[in-house]
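Subject: Structure for you to look at

Dear colleague,

Here is the structure I said I would pass on. My notes on it follow below.

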Amino acid sequence: MATRRYEQRLRAQSAEETRRRVLDAVYDQLREAPAQPVSVERIARSAGVARSTVYVIFGSRAGLFDAFAADLLERGGFRRVLDAIADPDPRVTVRAGITGGAHTFAAHRDVFRALVSMAELDPDAVGGTMQRSEQRRAKGTMRLARRLARHDLLREGVTAKQAADRLWVLTSFDAFDLLCAGRGLSASAVAAVLVDMAECSVLA
């Protein structure tokens, strides 16, 4: 029994190491050749596995990029955003959420830029992952705007829908990147600007 458990642990460890190599290969390809279409064949070759192995692990091209995006967020510190969302005070959610998002984007800025640009040019280039991510973000900003409205924390004259639209812009990668790459600001400085804009345009 002990031998069997040991063998199972080794297989699980080997499978996780293979999964890690594939995700790292995606990262390297996006960072080193952001203008080139992502090739599963090239990813598999770089990871030292067969192309079929990639599909066995992730199920599909969409599954591969969904897993990659989730891994990228986790490594970038997206936990800060999740903690902000869980805070009972929606004002904290706005401020800490924007700040956490800016630092997450900054951690892997070049790769996020490649993902966003590819998705804009061809929605299927990264398996529709960015479209699904943006749909979740849209729902999240709407939920946050409604929370602010319920707590009477919206700026006078601003509806929940208008607040959601403004939060949608302020939490986007493009808003971050305009200030980071376009203005040369640090992640903390970008966060400060975006939080100030939220204070002025959304919060009471």
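By class, how many nonpolar, polar and charged residues does the lining of the second largest pocket have? There are eight nonpolar, two polar and four charged residues in that lining. Please keep in mind that this is a predicted model.

Second largest pocket

This pocket holds about 190 Å³ of space. It is lined by 14 residues, and those closest to its centre are Pro-34, Ala-35, Gln-36, Met-118 and Leu-121. Helix α7 provides the largest share of the lining, six residues.

Largest pocket

The volume of the largest pocket is about 1,100 Å³. Its lining is made up of 41 residues, of which Phe-78, Ser-133, Arg-136, Arg-137 and Thr-171 are the closest to the centre. Seen by class, the lining has 22 nonpolar, eleven polar and eight charged residues.

Several helices take part. At least two lining residues each come from α4 (61–76), α5 (79–86), α6 (90–107), α7 (109–121), α8 (129–150), α9 (160–170) and α10 (173–180). The helix that gives the most is α8, with twelve residues.

Helices α2 and α3

Two packed helices are described by the angle between their axes and the distance between the axes. For α2 (residues 40–47) and α3 (residues 51–58), the angle is about 95° and the axes are 8 Å apart. Because angles of 65 to 115 degrees count as roughly perpendicular, α2 is roughly perpendicular to α3. On the α2 side the contact involves Val-40, Glu-41 and Ala-44, and on the α3 side Arg-51, Val-54 and Tyr-55. By class, that contact has four nonpolar, no polar and two charged residues.

Gln-29

Is Gln-29 buried or exposed? Gln-29 sits in helix α1 (residues 2–32). Its relative accessible area is 7%, so Gln-29 is buried, the cut-off for buried being under 20%. Leaving aside residues up to four places away in sequence, Gln-29 touches Pro-34, Pro-37, Val-38, Ser-39, Arg-42 and Ile-43. One of these, Pro-34, is also among the residues closest to the centre of the second largest pocket.

Regards

Methods: Residues numbered from 1 in each chain as written. Predicted model: local features only at pLDDT ≥ 70, side-chain atom pairs only at ≥ 80, totals over all residues. Heavy atoms only, no water. Axes fitted to C-alpha atoms, helices over the stretch in contact; angles between N-to-C directions. Helix = DSSP H or I, 4+ residues; strand = E, 2+ residues; numbered from the N terminus. Parallel < 35°, antiparallel > 145°, perpendicular 65-115°, else oblique. Contact = heavy atoms within 4.5 Å. Nonpolar A, V, L, I, M, F, W, Y, C, P; charged D, E, K, R; others polar. 1 Å grid on protein atoms, 1.4 Å probe; cavity = no way out; pocket = protein on both sides within 12 Å on 5 of 7 lines; lining within 4 Å. Points joined across faces, edges and corners; volume = space filled by probe spheres on them. Buried < 20%, exposed > 50% of the residue type's maximum accessible area, 1.4 Å probe, protein only.
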